[in-house]
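Trainee: Could you take me slowly through one kind of contact in this model, the pairing of charged side chains? I would like to see where the partners sit and how open they are to the surroundings.

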Amino acid sequence: MHSIKWYKADTRVYVYSASKDSPINRPEGEMVNRISIAHQPNATSAELVINDVKAEDEGVYRCEITYLQVGEDCNTVQVTDFHTYIKPKAVELITGERKILVDGEVLGPLLERTKINISCIVREGKPQPKVVWYFNGKERLDAQTQTPDNSTVIHTLSLTVTREEIGGKLQCTVSSAALDNPITKKISLNVKVPPNKTFIYGDEEHATHGTLLTLMCTALGARPAATIEWFNGTKKLSPDEHNIHQRQIEMTDTTFNTISNLTIEATRFENGQKFHCEAANEVTIETKDHPMHATRELEIWYPPIVRVEPKNITVIEGSKLLLKCEYESNPSSLSAVFWFRDGERVNVNDTAHYQGGTTDQHSLIIMNARGVDMGNYTCLLTNSVGNGTSEDNIVVNVLYKPQVRLTMSSPSPILETDHKNVTLTCEVVSGNPPTLDEVIWYLDGEVLKHLPDCNGTDGDENLCNEVDPSMLLLQDTTKSFHGNYSCKGKNFAGWGDVSEKTELVVNYPPGPAKLTYSPWRVIKGKSLVLSCSIEEKGRPEANRFKWHRGGRLITDIVSQNWTIDPVTLDNRTNYSCRGVSIGGMGEPATTFVDVLAPPSFQYAMNHYSGALYKSQNISLSCTVECAPPCGVQWLKDGQVISEDNERYYVEETAIAPQANRNDFEATQSVLRWNMSAWPGGALDRAADAASYTCRSSRNLAGPPVNSTTKFAVEYEPENITVNPSIVSVVENEVPAKVVCSARGFPTPSYWWRREDATRSRAKAQRPPLSASGTLLLGAVQRRDAGRYVCEAYNRHGAVSTAVLLDVLYIPECGIQQTNIDGEQVLVCSAKANPAEVSFMWKLKNDNDSLTDEKIWQAGTQSYLRLSPGVDVYRTYLCFANNSVGVSRPCERDVMANLENFTSKVWWRDQQKLLMIGGIALAALVLTVILCIIIICICRRMRAKSKFVSFKRPVKAHKTALPISETPVNRPARKRKKPGDSPPTNGVDNAANGNLGAEHPGLYENLPFHGLQQPPNKERFTKSDTYIF
C-alpha cells in the first residue's frame, strides 16, 4: 500500500501515506480537528477515527487505496454508510395525581381495591424509542401509548389494587437503537391488607395434667402484620401475667403471618375452659371491621388422687391387717394398682399372704403378719394419664425375734506390736424391739462369755443392769486372741439365731535372722552369695528381707539370697539383713566381708619403649594391683636386675585404694637409668637395645603377673639427601619426580614446601605439596620456579635440604619506538628462560621487505633503525628465539614519510585505493535507482489503460472482497540527502503544501510517478455506528 484517501460523500476529509520518502498524515475539511488515522507499519488495514462524533457526521464515507504494486484481488475502494443516533433526553414516571416518581421509589400505602394510573413519559430520542410496562417481570399489554408530539411518548398503565399487587414491582423499559442498554425506571407498590384467616392449633383431643399446654393462634395474609390478643372466656389475658409470645413472619408476597403462642400448665382446674384469640391490624382499625377470631375448648386428663387409712397400726406377729385405698381421676378407669412398703413394691400375687391390691379391690389385706411386714405402706394407682400416690402412709408395727451380726471396733488384721484394745459388738440386724436384753459370746464355737453376768453381784442388781450385753472388750490384744468370734441375742420376743463367725486376725513379726556368705575367700571380679535365714516366720510368714550394705539400705534386694557379681572394692564392708512381713521386722544379723584382689596391672608397659641416646632422664614404670600387697622385680632380657647394679635403681610407691575407680591397693615401681654410670653418659644405638620385664610376686588371691617392653635407642634424623638436586622443565610440562631420604629412629616422616614458606604455613596449605619422601608435581608454570624444601622429622628433631626447580619458557617480546641520536629506532625487548635470545625482524606485508634498515642486538634487546626513505605505512614484526622455541610475533605500526607521498604508485597508496572504491560504489547505486524508476513508469502506463470509472451504488450494502495479505515488495531507492527537493514538473507537490482534490500532483511527483490504480473493486460496509 502506498496511500489512503477518505471521502465523506464527494468531499475529501483525510490523506495518508506511509511512504518513507514523502510521508503524509493530514486531515481536511470541517472535521480536521476531530479525525485521525490508526495504522501500523506493514498492517493490512487502516482505520479512520472520528472523535467527539456529532449528528451532522452521518453520511456515506469512501476509502480509496493506492498500491505500489497492484494485484487482481486488491481492494481499491471501500464504502461505509455511517449513521448517528440520539439517546432519549429524559424518562419520567408520573401518577394520575401528577406526582413525579423517582427511580426505585415506593408508591403507597395503597389499600385493597384502590384504583391508580401511572404514566411513563419519554422525551426526544432518535429513532423514536419503544416503551413497555412490566409487572413483576411480565409485560403488561393493557397499557395505552400516546404521542402528543414527535419528540414525546406517553405510556400509561391503569391498575385496581388487589392482593395480587402485594410486593409488586412495576418497571418501565425504554429501548432504542441509540442505547447500548435499555433505560429502566422501577417503582414498588406498598399495598396494605387485613388478615384473611385465623385459626388455633393445639392438642387435638385433650391435654395431660401437669404438662405445659401451648395454644398457637395464627393470623394469615395481613400487611402490615396483625396483633393477636388472648381471652379465657371473657377475661383478657395480659402478656405480663401469662406466658404469651408473638412473632411475625414475612412471606414471599410481603404479607405477614402472625403467630402467637399461649403456654399454660394443664391442671384439672382448666378442664372444660374455653380460650379464644382475636387478630387485627391498622387496616382493620381504619375500616372498622371486626377482628378475626378463633375459639378452643380444653379437656384436661389427670392421674388419680389417692388417700389411705388408717394412719397407724400395731399387731402381734401372725395377726390379720386391712389397709384401705380410695381415689378420684379423669378418666376414672384404672389400669393398675400397686402397694409399697418402705418404697419397695409389695408382691400381692402371693395370695397365701395377701388379698386385694388389684383394680377390682383396691384395699390390701395381710393374712399372717410377720416381722418383714413392718413398715410404711403407700398406695399407687394408675390410669391412662399416669400414676397417683397417696400423700399419707400407713405405719405398720409388728413385734418379732432379733437377728444379729458381730462387728469389731478395729478392722482385722491388727498388729500385736500395737497393743490395741478391740471392742466386739453384737448388732441387731432385724427384730422388734431392737434392744437386746441378753447376749451369749462364742470363740471358735465355744462359749466365751454370757452377758450380763450377774453371778456374785448380790446387792448390786442396779450395777448389773447397767452393763450393755451387746459389747465385749478385748484388752491388749496378742496373738492368743486370734480366732473366729460369734454371738446371739434375746429381746422381748425371745432368743434369736447365732450370728455368722467373724475372724480376728492378729499379726506378729518374724524372729531373729542369721547371715552367712560363700565362698569364704572373696576375690575381686568373682561372685559372692549372701544368705539370710529365720526360724520363726511370724504371721503372716515373712517372705521378704531388708538388706543393708555399709549401713545403707539396698532397696532393690528383697529376697532371702543376694548374689553379687562381680565383686568390687565397694563390697568390702559390713552387711546386715532381717525378715520383714506385715506383722513387722525381726532382729537383724550383721557380718563383715573382706575382698581380696589377685595381682594385676593397673598400668602395664607398652609393647615398645624408646629413648633418645643422649637423654639423661630414662625410666620404665608399671603399677601392680594386689590385696594383700605383693612385691615387684625388674628383669633385662630375662635376667633379674640386682640391687647392686650401678646402671639402674628402682623406686617403689604404695597407692591407696580408690573406690570410685574400683582400684584396690597397688604398688607403683619405676626402673631408672643411672646415666652417669654409662660410658660417655649416653646409650649405644645398637648394643643398648633390650627387653625389659616388670614381674610381681604371688599373694593369697592369685598367681604373679608380668609385663614386657622392647626398649630401643632413638636418635634424630640425619644425612638427608635429594635426588636430583636440580630439576629443569619446560613450562606446561610435568617435571621429573624428586626423592628425599634421611636416617633416623623412629623412621623419619617427610614434608615438602616452598622455600619461602615456613613449615607451619606449609602444613596449612590445602592440599600440601607432598607428605612423603617423593615430590610429584603436575604441569608447572613459570611462577612455580624456585627452591623446594624437603624436611625429614621425628619426635626428636628435624633436618632439611632443598631442590631447585628451573622452569624454561619461550620468549615474550614487545616493540617500542624511540629516538636515538636523532634517528627513529624500534626496540624489541624479550623476556625468556634461558635468557640467551636471538631476534629476527620482518614486515607484515608480504609484498614489502626490509632494505637498508640497520639492526643490532644488546643482551635481550634488538634495535632496528627506521629508514627515512620509506614513504608507505608499515607494520614491523619482531621474533625472539631461545632453546625452548620461537616467540609469537610482536607488532608495531609505523606511519609513512609524507614527504615522498606524491612519488608513490597508486596501487600501493591505501587512501587512493579507498577513494577509487567509493566512486565505483556510488556509480553502481545510481545505476540501480535509474533502473527502478524506469520499471515503475512502465507499470503505471500499462495500468492506466485498464482503468474503469467507479460509480457509487444507490443503496448501501455490505460486500466483502478479498484483500491480499501479502505485503507488496517495494523496490529499493536511494535515500535523498537533506535539502534535496524532488522535481515538481511545474505542479506543487506535498512539500509545497498545495495538495487538494483537484490537484493530482500528489502521485505525479513521487518517485513512482506514472503508476495507475488497478480496476476498481467495490467494498461497502454499513455502520450503525457512532452515538453521542
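Mentor: Let us start with D392, which forms a salt bridge with K311, the closest N and O atoms being 2.7 Å apart. D392 lies in the loop between strand 35 (387-389) and strand 36 (394-408), while K311 lies in the loop between strand 27 (300-309) and strand 28 (312-316), so the pair ties together parts that are 81 residues apart in sequence. D392 is partly exposed, because its relative accessible area is 42%, and K311 also counts as partly exposed, at 40% relative accessibility. Please keep in mind that this is a predicted model, and that a search of the whole structure finds 31 salt bridges. As a general point, side chains of opposite charge can pair when their charged atoms come close.

A second example is the salt bridge in which the side chains of K490 and E438 meet, at 4.0 Å from N to O. This pair, too, links distant parts of the chain, with K490 in strand 42 (residues 483-491) and E438 in strand 39 (residues 438-443), 52 residues apart. K490 counts as partly exposed at 27% relative accessibility, and E438 is partly exposed with a relative accessible area of 26%.

Now turn to E714 and R795, whose side chains meet in a salt bridge at 2.2 Å, N to O. E714 belongs to strand 63 (residues 706-723), whereas R795 is found in the loop between strand 68 (786-794) and strand 69 (797-820), and the pair links these distant parts of the chain, 81 residues apart.

In another place K854 lies over the face of W856, at 5.3 Å from the ring centre, and W856 itself counts as partly exposed, at 32% relative accessibility.

Definitions and conventions:
Residues numbered from 1 in each chain as written. Predicted model: local features only at pLDDT ≥ 70, side-chain atom pairs only at ≥ 80, totals over all residues. Heavy atoms only, no water. Buried < 20%, exposed > 50% of the residue type's maximum accessible area, 1.4 Å probe, protein only. Lys NZ or Arg CZ within 6 Å of the ring centre and 35° of its normal. Helix = DSSP H or I, 4+ residues; strand = E, 2+ residues; numbered from the N terminus.
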